[in-house]
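Subject: Structure handover

Hello,

Here is the structure I promised to pass on. Please open it first, then read my notes below.

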Amino acid sequence: MINYHGQKFNLTLSSAKIGMAAASTPMPVASMLGVRPGNLTASPTQAVARVDDQRRLEAISKEVRIRRALRQGAASGTAPQPAPAPSGGTQR
């Protein structure tokens with residue numbers, strides 16, 4: 001019972017409907033990934049993007065390895081020489 005500006009209101013709480021969520025049909029995985037069921041191959045632009053992403057991730061992992069080696073070398077007192085920067089290629 002709630003008293004609001006001199007008026008009394010009886011509020012009831014409704015119960016949660018958990019069964020509704022379980023009864024809904026699950027979304028297909030292909031649609032979550034943006035792939036149409038009839039088209040499971042990547043378009044040329046997607047393939048180029050994947051290659052670019054792979055190169056970027058390789059450069060990041062190489063930089064992580066270099067920094068770890070430098071950090072471990074500094075901790076032990078014998079810092080290895082950093083690898084020379086790669087020549088050519090595009091940088092963002």
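What follows is a short tour, from the overall fold to single side-chain contacts.

First, the ground rules. This is a predicted model, in which local features need pLDDT of at least 70 and side-chain atom pairs count only at pLDDT 80 or more, while totals for chains, interfaces and linings use all residues. Residues are numbered from 1 along each chain as its sequence is written, and side-chain values use heavy atoms, with hydrogens and water left out.

**Fold**

The protein has three helices and two strands. Their order along the sequence is β-β-α-α-α. Both kinds of element are DSSP runs, numbered from the N terminus: helices are H or I with at least four residues, strands are E with at least two.

**Surface**

Of the 92 residues, 1% count as buried. Buried means under 20% relative accessible area, exposed means over 50%, and partly exposed lies in between (1.4 Å probe, protein chains only). The accessible surface is about 9000 Å². Carbon and sulfur atoms account for 59% of that surface. These areas come from the Shrake-Rupley method with a 1.4 Å probe; for residues, only the protein chains shown count as cover.

**Aromatic rings**

Rings of Phe, Tyr and Trp (its six-membered ring) pair if their centres lie within 6.5 Å; planes under 30 degrees apart are stacked, over 60 edge-to-face, and the rest tilted. The count is one aromatic pair. It joins tyrosine 4 and phenylalanine 9, whose ring centres are 6.5 Å apart. Their planes meet at 55°, so the pair is tilted. Phenylalanine 9 is partly exposed, at 35% relative accessibility.

**Salt bridges**

Side chains of opposite charge can pair when their charged atoms come close. The cut-off for a salt bridge is a side-chain nitrogen of Lys or Arg within 4 Å of a carboxyl oxygen of Asp or Glu. The structure holds two.

One links arginine 56 to aspartate 53, with the closest N and O atoms 4.0 Å apart. Both residues lie in helix α3 (residues 44-76). They are three residues apart, about one turn of the helix. Arginine 56 is partly exposed at 42%, and aspartate 53 is partly exposed at 38%.

The other links glutamate 63 to arginine 67, with the closest N and O atoms 2.8 Å apart. These two are four residues apart in helix α3, so about one helical turn separates them. Glutamate 63 is partly exposed at 35%, whereas arginine 67 counts as exposed at 53%.

Best wishes
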